[in-house]
There are 2 protein chains.
Amino acid sequence: MADRLVSLGIGDTTQPIPTHILSGLSGAVEKLGDASTYSGYGAEQGMGPLREKIASKLYNGLIDPSEVFVSDGAKCDIMRLQTMFGYDVVSAVQDPSYPVYVDTSVMQGQTGELEEESRQFDGIVYMPCTAENNFMPDVASLPRADIVYFCSPNNPTGVAANKEQLTELVNVCRERGSILVFDAAYAPFIREEGVPKSIFEIPGAKECAIEVNSFSKYAGFTGVRLGWTVVPHDLKWADGSSVHTDFNRVMTTTFNGASNIVQGGGLACLDDEGMAEINSLIDYYLENAQILKTTFEDMGYKVFGGTNAPYIFISLEGGSSWDQFNTFLEECQVVTIPGAGFGPGGEGFLRLSAFAPRDGIIEACKRFKENYDSKK
Amino acid sequence: MADRLVSLGIGDTTQPIPTHILSGLSGAVEKLGDASTYSGYGAEQGMGPLREKIASKLYNGLIDPSEVFVSDGAKCDIMRLQTMFGYDVVSAVQDPSYPVYVDTSVMQGQTGELEEESRQFDGIVYMPCTAENNFMPDVASLPRADIVYFCSPNNPTGVAANKEQLTELVNVCRERGSILVFDAAYAPFIREEGVPKSIFEIPGAKECAIEVNSFSKYAGFTGVRLGWTVVPHDLKWADGSSVHTDFNRVMTTTFNGASNIVQGGGLACLDDEGMAEINSLIDYYLENAQILKTTFEDMGYKVFGGTNAPYIFISLEGGSSWDQFNTFLEECQVVTIPGAGFGPGGEGFLRLSAFAPRDGIIEACKRFKENYDSKK
């Protein structure tokens with residue numbers, strides 16, 4: 001009999017939503033059933049109390065509530081940002097990176113052809129993230145881009161940039177007049193002291209950066225759909241006009257607010273009880289990551305990420321990422337993701353997601369080890 | 001003491017969500033709290049059972065479930081359609097119409113300047129809807145457009161096109177190779193026999209039309225956020241390639257599915273109990289519309305809509321819509337919407353929304369009458 005398939009593929013949460021956060025969702029549903037508490041359309045930018053709570057609880061007041069735009073998720077916000085940027089811009093992306101930055105740039109008409117050999121789109125600046133540079137590109141040595149997408153902790157590498165690295169990034173973007181779109185969707189997984197959880201911890205970031213964020217991985221909200229984007233008032237276009245004003249126009253014209261039920265859940269997330277529940281959930285996934293990391297290190301692999309992130313990124317030492325994907329799928333019945341799926345720079349790596357039930361993680365590790373031992 | 005303000009302005013539902021539909025929402029929340037029923041990311045196109053139920057219950061099988069894309073609302077879908085259409089198209093809109101068609105065309109870069117005198121954007125075909133043509137534009141006599149936006153029952157006029165008129169519209173679009181974007185968000189308000197609730201009731205529509213729709217006004221879901229768009233497989237671009245394939249790509253790249261909680265509510269809407277609840281809600285708003293309509297007719301106004309729609313559109317017989325808006329606001333403390341807000345063709349009209357609690361409707365009508373009598 002074939003073993004059951006274990007998925008360590010897409011970064012989809014598997015643990016149920018904890019009690020307090022769940023009560024925020026169900027409380028919001030109840031309100032809609034009562035004429036005295038029923039509400040219809042809300043502000044496209046999100047409920048005032050949620051914007052305030054995000055600013056105070058997650059940013060310690062580093063940003064103003066009016067700079068927070070609540071949404072139905074980071075992916076959708078990236079597209080709305082692209083709608084604002086238009087087709088006449090050059091974008092830079094980490095290579096490898098979350099595919100949505102490149103996909104939406106292509107869709108928006110910013111790019112030329114896909115070059116056969118390099119597997120890179122013409123018109124995109126690929127910022128190489130390799131084991132050699134600790135997955136931190138030397139942005140200053142690369143061509144200037146109008147928009148720089150940067151995800152930290154990174155998907156897929158699992159590596160979080162430190163304060164020095166982010167300071168350098170912010171400085172380069174400011175010098176060049178680039179807008180930095182900082183994707184902080186995995187920020188709550190940062191447990192190391194001194195590693196910034198928001199780009200706005202870096203001086204000067206409010207003059208060059210937009211931060212995209214999400215409740216998806218915080219609280220098991222991947223299917224619930226809640227995110228937010230911070231656009232500082234200090235951020236200006238080259239002509240001195242306000243980026244915030246334009247993004248506000250995009251949001252109010254093309255979006256009608258996140259679901260009021262879901263925003264009720266977001267409010268509960270940011271209560272002290274909710275924050276404690278989120279911490280426990282993240283502990284669980286980080287323990288998963290640790291088990292995966294140790295298993296592969298014990299087998300002699302070079303492993304990145306997994307400390308401040310729910311992903312581990314395994315170097316195949318020159319091996320093909322699709323071959324290794326197939327090997328693990330066929331011989332271990334475990335689904336992973338080939339690094340090449342995140343851009344040409346991901347070739348030679350495999351991404352494993354720690355979003356899985358514990359027994360699945362343990363079972364997968366057992367199979368990996370047996371497979372490894374059988375080939376010694 | 002000033003009278004309390006009554007809002008007959010924006011079309012926002014005011015009645016609570018009925019019991020069975022509410023149980024669909026709360027049941028979906030409960031599922032997320034239990035490991036055995038928890039779900040994360042769903043299909044970007046929507047849950048299979050919901051797509052099936054929409055196709056069978058709302059379209060009597062006229063369309064295939066795979067042609068349904070479930071979303072977080074019609075406004076967002078219109079923007080996603082615009083993303084697919086790109087900047088190099090000419091759009092036609094009813095004048096007056098729901099402002100989002102023009103706003104997103106402008107945002108997408110399809111238009112030129114706003115002409116000072118006509119208040120029309122260069123590059124948009126305005127299809128005049130006037131009392132004289134029964135609010136049905138003579139599309140064949142107007143310049144060809146690549147995309148024709150058509151809303152019926154119409155917002156703001158409240159007029160629903162009949163089968164003959166829609167057949168003519170479909171025929172013209174097919175002859176000209178125009179894509180018809182049919183906005184059917186108010187379809188459930190149609191109570192008259194023989195008036196189509198979907199464009200797909202018209203022969204040939206599957207070869208030229210996309211239908212945008214929404215649960216917002218069905219079930220008090222304006223803040224809950226659930227809609228859908230139907231893109232038929234038979235619809236092709238000029239080069240013969242599939243529009244469905246392209247829209248599927250837009251949805252999967254730029255959207256992550258409607259909230260699973262909200263889709264649970266959508267499933268309950270389409271149960272027999274849910275459909276009965278929706279009917280009662282719509283009866284309530286249609287009775288409101290009738291009260292408003294009769295009140296203004298009794299005062300000698302010419303009134304349109306209100307029979308198959310939640311809006312009534314009042315002719316001011318040459319008067320300014322902003323002046324009348326101000327008069328009603330200042331003298332009656334009632335908020336309405338000036339027709340001019342829906343495009344230049346709305347000048348000389350006032351839109352009243354029937355989405356209000358009954359006592360608000362009765363109070364507003366009392367004040368309108370007193371104001372009218374005081375000026376006799």
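Student: How many residues of chain B are in contact with chain A?

Tutor: In this predicted model, 41 residues of chain B are in contact with 41 residues of chain A; two residues are in contact if their C-beta atoms, placed from the backbone, lie within 7 Å. Residues are numbered from 1 along each chain as its sequence is written, and chains are lettered from A in the order in which they are written. Local features need pLDDT of at least 70, side-chain atom pairs count only at pLDDT 80 or more, and totals for chains, interfaces and linings use all residues.

Student: Which helix of chain B gives the largest share of the side that touches chain A?

Tutor: Helix 1 of chain B does, with five residues; helices are DSSP runs of H or I with at least four residues, and strands are runs of E with at least two, numbered from the N terminus.

Student: Why is B:Gly158 called buried?

Tutor: A residue is buried if 20 or more other C-beta atoms lie within 10 Å of its own, exposed if 12 or fewer, and partly exposed in between. B:Gly158 has 27 other C-beta atoms within 10 Å, and is therefore buried.

Student: Where does B:Gly158 lie?

Tutor: B:Gly158 is in the loop between strand 5 (147–151) and helix 5 (163–176) of chain B. Leaving aside neighbours within four places in sequence, its contacts include B:Pro153, B:Phe304 and B:Tyr311.

Student: How far apart are B:Gly158 and B:Tyr186 in sequence and in space?

Tutor: B:Gly158 and B:Tyr186 are 28 residues apart in sequence and 9.1 Å apart in space, C-alpha to C-alpha.
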